[in-house]
Amino acid sequence: MKIKSVDVIPLQIPFEDGSTGSGLMPTKWTTLEIVLVRIETENGIVGWGDGFAYSCRRAVAAAIEDMVAPLLVGREIDDIAALNLELQQRLHLHGRYGITMFAISAIDIALWDIAAKHEETSLARLLAVRPRTSLPAYASLMRYAEPDLVRSFAAKAVAEGYKTVKLHEISLDAIKAGRQGAGTETKLATDVNCNWSIEQAHEIMPHMRRLDLYWVEEPVFPPDDAEALGMLQAEYGVAIASGENACTSVEFARTAPHIKYLQPSVTKVGGVSEFLRVCDVAEGYGASVMPHAPYFGPGYWATIQLTAAREICEQFEHLYIEPEAYLDPSIPLPSGGEVEVLDRPGIGFEPDPDIIERFKI
Ligand SMILES: [Mg+2]
């Protein structure tokens, strides 16, 4: 089974989320930017993938077209994990993190999609004998900053059946409001996106324990300072989660001995192949995996399949926003705090050509 073509389709899909759009990304965040990859084999199987593309859409598209695709066309698809490592080695002069790995991630997801379709099975069934058919999903709220808004969005998510809610709040007042809105029965986490100094972390972490937080995510900068993260977890007895911006299992092997939750993002870490290696690393160190939500393109679908296949993945992250459209309108969205694992060939993603046409740029 040889690769016949690699095509790149950049898209922008606006979304609504009830926030000001500030605080989570380097610029105001109001659209989903997706770099879709379509790989076709000589025998006519089509695989889909995407690489993280927020504010770097053109760079990721160029990396796939100029750096990765020339190494792939005409190649036999057999051992995808080995091919992934070969790509990493041949492209390591461009850096082992960021754009290069986003490009490799997109390709790798599409190749695994093809591999499962070739076997006429789902990716979850390709990877596991008895994958889960439904997954606990948590509501990953945006950053609202205003305590009243935080309280009402947390309460709304709980009313919809979510048993776990994650805030993206960084002030104690907003996090307290999140706990009030979510109630004491709901598991509550907060994602700090590296905003606290170590001094602020020491001040606020005792409150995170008092508020019974499930985990605190990326509390300080840099997020790869494994010792600092491990120290906060040990000193305050609250689980620390990190890794959505880490690439390859090599980086996770450094943090795994120190923190409870590893958070690979399939569209950043190096695709399905590296995500699976991160699960192996977590198992080796007794850590757990809390995958990062790769938004609503093929990465979303791949993450559901991977979480279903690997028990070590605890919950599925659902970003609490409403996109103007979903590329594949049959996307499984959480209901009652659970998301269904569709049993379709590959990762399950089959985009609607009209929606691609409408949002491609
Ligand atoms: Mg996060």
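Visitor: Does Asp328 count as buried or exposed, and what is its relative accessibility?

Guide: This is a predicted model, so the value is computed from predicted atoms. Buried means under 20% relative accessible area. Asp328 has 4% relative accessibility, so Asp328 counts as buried.

Visitor: Which residue does the side chain of Asp328 meet in a salt bridge?

Guide: A salt bridge pairs a side-chain nitrogen of Lys or Arg with a carboxyl oxygen of Asp or Glu within 4 Å. Here the partner of Asp328 is Arg344, at 3.2 Å from N to O. Arg344 is partly exposed, with a relative accessible area of 26%.

Visitor: Where do Asp328 and Arg344 lie along the chain?

Guide: Asp328 is in the loop between strand S12 (322–323) and strand S13 (338–340), and Arg344 is in the loop between S13 and helix H12 (353–359). The two are 16 residues apart in sequence, so the pair ties those parts together.

Visitor: Which residues do salt bridges with shared partners join into one network?

Guide: Lys166, Asp191, Glu217 and Glu317 form that network.

Visitor: How many salt bridges does the structure hold?

Guide: There are 19. One of them joins Glu40 and Lys4, whose closest N and O atoms are 3.6 Å apart. This pair links distant parts of the chain, 36 residues apart: Glu40 belongs to strand S2 (residues 31–41) and Lys4 to strand S1 (residues 3–16). Glu40 is buried, at 16% relative accessible area, whereas Lys4 is partly exposed, at 45%.

Visitor: Where do Asp148 and Arg151 lie, and how many residues apart are they?

Guide: Both are in helix H5 (residues 147–159), three residues apart, which is about one turn of the helix. Asp148 and Arg151 form a salt bridge, with their closest N and O atoms 2.8 Å apart. Asp148 is exposed, at 54% relative accessible area, and Arg151 is partly exposed, at 30%.

Visitor: Which residues form a negative surface patch?

Guide: Asp and Glu count as negative. In this structure the patch consists of Glu42, Glu76, Asp78 and Asp79. Glu76 sits in the loop between helix H1 (57–68) and helix H2 (80–90), and with a relative accessible area of 36% Glu76 is partly exposed.

Visitor: How many helices and strands does the protein have, and how compact is it?

Guide: The secondary structure comes to twelve helices and 13 strands. The radius of gyration is 20 Å, close to the 21 Å that the globule rule gives for 361 residues, so the protein is as compact as a globular protein of that length. Of the 361 residues, 62% are buried.

Methods. Residues numbered from 1 in each chain as written. Predicted model: local features only at pLDDT ≥ 70, side-chain atom pairs only at ≥ 80, totals over all residues. Heavy atoms only, no water. Patch = residues over 30% accessible without salt bridge, like charges linked within 9 Å, V, L, I, M, F, W, Y side chains within 5 Å. Areas by Shrake-Rupley, 256 points an atom, 1.4 Å probe, with all protein chains shown as cover. Charge placed at Lys NZ, Arg CZ, Asp CG, Glu CD. Helix = DSSP H or I, 4+ residues; strand = E, 2+ residues; numbered from the N terminus. Buried < 20%, exposed > 50% of the residue type's maximum accessible area, 1.4 Å probe, protein only. Rg over C-alpha atoms; globule rule 2.2 N^0.38 Å.
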